[in-house]
Amino acid sequence: MFRIFRYPPGETGFGVGEHTDYGLLTLLAQDQHGGLEIRTPTGWLSAPPIPGALIVNIGDMLDRLTGGVWRSTPHRVVNNSGHERLSWPLFFDPAFDAVVEPLPGFPPRKRRPALGRRQRPRPHRHLQRLPPRQGRQGLPRPRRHHDRIAPLISS
Ligand SMILES: O=C(O)CCC(=O)C(=O)O
Ligand SMILES: [Fe+2]
């Protein structure tokens, strides 16, 4: 699945909150404004744009295929550049009904602890149902990862 994301300028907070990608691999191109951050065992690391380079994110399914030897990378985006930011992720995901088990030669179970501070599994945001425009009793709906960025195309 290929998507284009637009992060408006002047946003406070995270354009995309901390998450891991669901699939096998994500190839990510980002424009010159930066904002992508990667969680490492020693803290958040910024992944500034390098002209001509793509970011490769390991997703949860590759983590699982390798028994946790290759870890899915927690990451987030904060666009405090003052400019509109564009990014172009290409997600390589298995079919939703694919059975994904560790490959021969890899540990049968995922090793713990995880890099991130996820304590319980969450459905991937692409699989979560979109919330209603307005919350119950007219309360504003809670902010979600991709609320404030507009997918320009998605195929
Ligand atoms: O916009 C970005 O740089 C990253 C987006 C992202 O992490 C995602 O869509 O999974
Ligand atoms: Fe991501």
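Which residues make up the largest nonpolar core? Select Phe-5, Tyr-7, Val-16, Leu-28, Leu-36, Ile-38, Ala-47, Ile-55 and Val-77, nine residues in all. A nonpolar core is a set of buried Ala, Val, Leu, Ile, Met, Phe, Trp, Tyr and Cys residues joined through side-chain atoms within 4.5 Å. Buried means under 20% relative accessible area, exposed over 50%, and partly exposed in between, with a 1.4 Å probe and protein chains only. Strand S1 (3–7) and S4 are the elements that give two or more residues to this core. A second, separate core has six residues, including Tyr-22, Ile-58, Leu-65 and Val-100.

The model is predicted, so local features need pLDDT of at least 70 and side-chain atom pairs count only at pLDDT 80 or more, while totals for chains, interfaces and linings use all residues. Residues are numbered from 1 along each chain as its sequence is written, chains are lettered from A and ligands numbered from 1 in the order in which they are written, and side-chain values use heavy atoms, with hydrogens and water left out.

**The iron site**

Next, select the iron ion (ligand 2). His-19 (NE2), Asp-21 (OD) and His-75 (NE2) coordinate the iron ion at 2.1 to 2.2 Å. Donors are N, O and S atoms within 2.8 Å of the metal (3.2 Å for Na, K and Ca); water is not among the atoms, so sites may look incomplete. The spacing of the donor residues in sequence is H-x1-D-x53-H. Asp-21, in the loop between S2 and S3, and His-75, in strand S7, link distant parts of the chain, 54 residues apart. Both Asp-21 and His-75 are buried. Helices (H or I, at least four residues) and strands (E, at least two) are DSSP runs, numbered from the N terminus.

From His-75, move across to Ile-38, which stands opposite His-75 in S7. Strand S4 (residues 36–40) and S7 run antiparallel and are joined by three bridges; two strands pair if DSSP finds at least two bridges between them. Colouring S2, S7, S4 and S5 shows an open sheet of four strands in that order, with antiparallel pairing. S2 and strand S5 (43–46) are the edge strands, each pairing on one side only.

**Strand S8 and its partners**

Select S8 and display its side chains. Arg-85, Ser-87, Pro-89 and Phe-91 form the covered face, whereas Leu-86, Trp-88, Leu-90 and Phe-92 form the uncovered one. S8 runs antiparallel to S1, with three bridges, and antiparallel to S3, with six bridges. Within S8, Leu-86 is the bridge partner of Arg-6, and Ser-87 stands opposite Gln-30.

**Rings and charges**

At Arg-85, look for Tyr-7: Arg-85 lies over the face of that ring, 4.9 Å from the ring centre. Arg-76 lies over the face of Trp-44, at 3.8 Å from the ring centre. A charge sits over a ring if NZ of Lys or CZ of Arg is within 6 Å of the ring centre and within 35 degrees of the ring normal.

How many aromatic pairs does a search of the whole structure find? The search finds one. The ring centres of Tyr-22 and Phe-96 are 5.7 Å apart and their planes are at 45°, so the pair is tilted. Rings of Phe, Tyr and Trp (its six-membered ring) pair if their centres lie within 6.5 Å; planes under 30 degrees apart count as stacked, over 60 as edge-to-face and the rest as tilted. Tyr-22 is buried, at 13% relative accessible area, whereas Phe-96 is exposed, at 61%.
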